[in-house]
Amino acid sequence: SRLTASERRQLYARVGLLTETVSPTVAVYGLRGATRLDGLADAVVHGADPGLHVLPLRRLLGWNSARAATPEVRIVENPVVFEDLIDRLEGVSDRQNLPTLLCTSGWPSDAGWRLLELLEAGDPATAFLYSGDFDLAGLRIAAAVQNRFPTRFRPWRLSAADYRQAD
């Protein structure tokens with residue numbers, strides 16, 4: 001069987017051949033912290049204000065785990081939807097209970113997959129709520145997230161009723 005680009009990069013990394021790690025990125029809002037490989041907190045995502053971060057794979061490879069703000073990480077594929085959600089959250093006065101949002105910008109890059117793995121390592125109870133476009137690509141991404149994290153995946157606004165309402 002043919003390997004995906006992500007599977008090829010993982011195979012290369014296992015044998016000591018690391019591919020480029022700067023351009024694969026993932027956008028995230030609401031991380032509560034990350035632990036580096038040396039056991040220290042990463043200062044970039046540490047603090048009371050969750051903020052927006054665009055994280056390259058290079059930074060994520062230096063982490064052991066990441067912590068979401070709440071037990072649910074909301075994943076979207078569309079950057080416009082992601083920005084709309086952030087705009088709504090930035091109007092909330094209680095900044096302590098904001099959810100963690102993750103944007104894959106289409107098919108998840110290695111950085112996106114890595115961040116989900118780090119969030120999984122950060123809290124065994126974290127659920128991944130995915131909402132994507134009602135098209136083949138969006139449903140393929142949903143299936144990929146579900147296949148990779150079967151016990152954590154929860155569809156979010158992906159029901160038949162949601163589809164009819166969006167029409």
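Analyst: We start with charges and rings. A charge counts as sitting over a ring if NZ of Lys or CZ of Arg is within 6 Å of the ring centre and within 35 degrees of the ring normal. The model here is predicted. In it, the charged end of Arg152 sits over the ring of Phe128, 6.0 Å from the ring centre. Arg74 has its charged end over the ring of Trp156, at 4.8 Å from the centre.

User: How many aromatic pairs does a search of the whole structure find?

Analyst: Rings are paired by the distance between their centres, with a limit of 6.5 Å. The search finds two aromatic pairs. One of them joins Phe128 and Phe149 edge-to-face, with 5.1 Å centre to centre and 85° between the planes. Phe128 belongs to strand β7 and Phe149 to the loop between α5 and β8, so this pair ties together parts that are 21 residues apart in sequence.

User: Are Phe128 and Phe149 buried or exposed?

Analyst: Both Phe128 and Phe149 are buried. Ring pairs also link these two with Trp113 into a cluster.

User: What is the order of the strands in the open sheet?

Analyst: Strands of a sheet pair through backbone hydrogen bonds, in either a parallel or an antiparallel sense. Here six strands form an open sheet in the order β3-β1-β6-β5-β7-β8, and the pairing is mixed. At the edges are β3 (52–56) and β8 (153–155), each pairing on one side only. From one strand to the next, the twist averages 25°.

User: In which sense do β5 and β6 pair?

Analyst: β5 and β6 (residues 100–103) pair in the parallel sense, over four bridges. Ile75 stands opposite Leu102 of β6. Helix α3 (residues 79–90) packs on the sheet and touches β1, β3, β5 and β6; the direction of α3 makes about 160° with that of β6.

User: Which strands does α4 lie across?

Analyst: α4 lies across β1, β3, β5, β6 and β7, and runs at about 45° to β1.

User: How many residues does the largest nonpolar core have?

Analyst: To read a core, look for buried nonpolar residues joined through side-chain atoms. The largest one has 28 residues, and those with the most contacts inside it are Leu31, Trp63, Leu115 and Leu119. Elements giving two or more residues to this core include β2 (31–36), β4 (63–68) and α5 (136–148). α4 gives the most, with six residues. Another core, of 13 residues, lies apart from this one and has Tyr29, Val76, Leu101 and Cys103 among its members.

Technical notes
Residues are numbered from 1 along each chain as its sequence is written. This is a predicted model: local features need pLDDT of at least 70, side-chain atom pairs count only at pLDDT 80 or more; totals for chains, interfaces and linings use all residues. Side-chain values use heavy atoms; hydrogens and water are left out. A nonpolar core is a set of buried Ala, Val, Leu, Ile, Met, Phe, Trp, Tyr and Cys residues joined through side-chain atoms within 4.5 Å. Buried means under 20% relative accessible area, exposed over 50%, partly exposed in between (1.4 Å probe, protein chains only). Two strands pair if DSSP finds at least two bridges between them. Axes are lines fitted to C-alpha atoms, for helices over the stretch in contact, and angles run from 0 to 180 degrees between N-to-C directions. Contact means heavy atoms within 4.5 Å. Rings of Phe, Tyr and Trp (its six-membered ring) pair if their centres lie within 6.5 Å; planes under 30 degrees apart count as stacked, over 60 as edge-to-face and the rest as tilted.
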